[in-house]
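Trainee: I am new to this structure and would like to learn how to read it with some care. Could you take me through a few features, giving the general idea before the case at hand?

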Amino acid sequence: MKILLFVVASGVVWAAPDEFLGKIRPILKENCAGCHNPANPRNRIDFLKSESPTDVETRRTLWRDVATQLRNRTMPPGVAKISEADRMLVANWIDDRLRTTGCGTGDYAGFVASRRLNRREWKNTIRDLFGLDVVAPDLFPADEAGGAGFDTNGETLYVPPMMLERYMEAATHVLDRIVVTPPFNRLVLSHEMSPVTVAPTGIKPSRFLNPGETLTTSFSVFAEGSYSLRVSVERPKLTPFTMKVLVDGVAAGSVSYARDSGGGATARAVTATLARGAHTVTVENGSERIEFYSLTVDQRP
Ligand code: HEC
């Protein structure tokens with residue numbers, strides 16, 4: 001027991017003052033100087049210019065990066081001959097040194113990782129900004145506390161791709177609740193459909209379509225949902241006809257008009273589910289020459 005105490009005690013005495021010059025720097029010199037030569041003025045990553053632990057403390061950002069590169073095994077690059085023990089010894093030494101001197105360096109104690117808000121902060125921020133109580137646990141997984149037990153630790157509050165998707169979803173969810181848009185409703189007259197023509201001058205706001213002819217219109221909707229696409233035409237006096245309705249180039253249904261000797265305007269609709277964003281609707285005429293009035297797009301409740 002006495003011997004053990006002695007060994008430990010003497011080890012500490014031997015290690016403390018010159019560990020940097022005696023051990024840490026030589027390991028770095030051997031493994032890094034080939035590429036990070038401190039004498040080369042073109043070498044920006046000049047951590048080997050540090051000749052003492054005090055130099056390490058005053059160039060904190062650079063040295064923290066050195067520790068990170070070692071831990072991440074990104075330096076030295078490729079198949080490195082540095083041993084695991086040396087790698088961890090150096091990385092731990094740097095981290096310890098930066099930690100124990102962190103409070104003594106004045107106002108700027110080094111780089112602070114910019115981080116996302118944690119779940120609690122995000123919820124409170126949304127509440128403060130918009131007066132909206134969103135149930136954050138439904139939207140985000142619990143935050144990692146990391147080794148230190150704080151849920152505000154920048155190093156654990158990174159943003160993996162999955163998390164970013166959840167943030168986007170959450171933002172959409174918030175926007176849906178705070179930006180209230182009136183139900184979408186648009187009437188597109190016959191001459192406004194592409195290819196556009198001059199406005200009809202007669203009493204009827206119609207245009208004639210030959211068999212197979214198509215008319216298209218584009219618009220944006222703000223909310224995903226069910227929409228009715230209503231096609232208004234002149235009733236066929238003799239031959240019934242059918243037209244196709246396409247949404248974004250894909251068939252959404254067809255509308256058929258029965259014979260009616262009285263004539264007059266009539267409308268038939270198809271229903272389509274539209275995602276938020278831009279869409280085109282195309283009306284494709286069937287086998288008859290017909291008289292087309294308008295297309296109406298209505299958001300269904
Ligand atoms: C084979 C050459 C080579 C060796 C050996 C090497 N490095 Fe590097 N290192 C590079 C190159 C190249 C860069 C990129 C330089 C730049 O961006 O200007 C780099 C960049 C770095 C950076 C900055 C990384 C960043 O993007 O923030 C650090 C820190 C670093 N090296 C540390 C080390 C340490 C510590 C060692 C030894 C354990 C080491 N390197 C050994 C070639 C090497």
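**Salt bridges and the ligand shell**

Mentor: Let us begin with one pair in this predicted model: the side chains of E84 and R87 meet in a salt bridge, at 3.5 Å from N to O. Both residues lie in helix 5, three residues apart, which is about one turn of the helix.

Trainee: Is R87 buried or exposed?

Mentor: Such labels rest on relative accessible area, where buried means under 20% and exposed means over 50%, with partly exposed in between. R87 has a relative accessibility of 5%, so R87 counts as buried, whereas E84, at 44%, counts as partly exposed.

Trainee: Which residues meet in a salt bridge that links distant parts of the chain?

Mentor: The side chains of D95 and R71 meet in a salt bridge of 2.6 Å, N to O; this pair joins helix 5, where D95 lies, to helix 4, where R71 lies, and the two residues are 24 residues apart. The structure holds 20 salt bridges, and D46, K49 and R59 are linked in a network of them.

Trainee: Which helix supplies the largest share of the shell around the ligand?

Mentor: Helix 4 does, with four residues. By class, the shell has nine nonpolar, three polar and two charged residues.

Key
Residues are numbered from 1 along each chain as its sequence is written. This is a predicted model: local features need pLDDT of at least 70, side-chain atom pairs count only at pLDDT 80 or more; totals for chains, interfaces and linings use all residues. Side-chain values use heavy atoms; hydrogens and water are left out. Ala, Val, Leu, Ile, Met, Phe, Trp, Tyr, Cys and Pro count as nonpolar, Asp, Glu, Lys and Arg as charged, and the others, Gly among them, as polar. A salt bridge is a side-chain nitrogen of Lys or Arg within 4 Å of a carboxyl oxygen of Asp or Glu. Buried means under 20% relative accessible area, exposed over 50%, partly exposed in between (1.4 Å probe, protein chains only).
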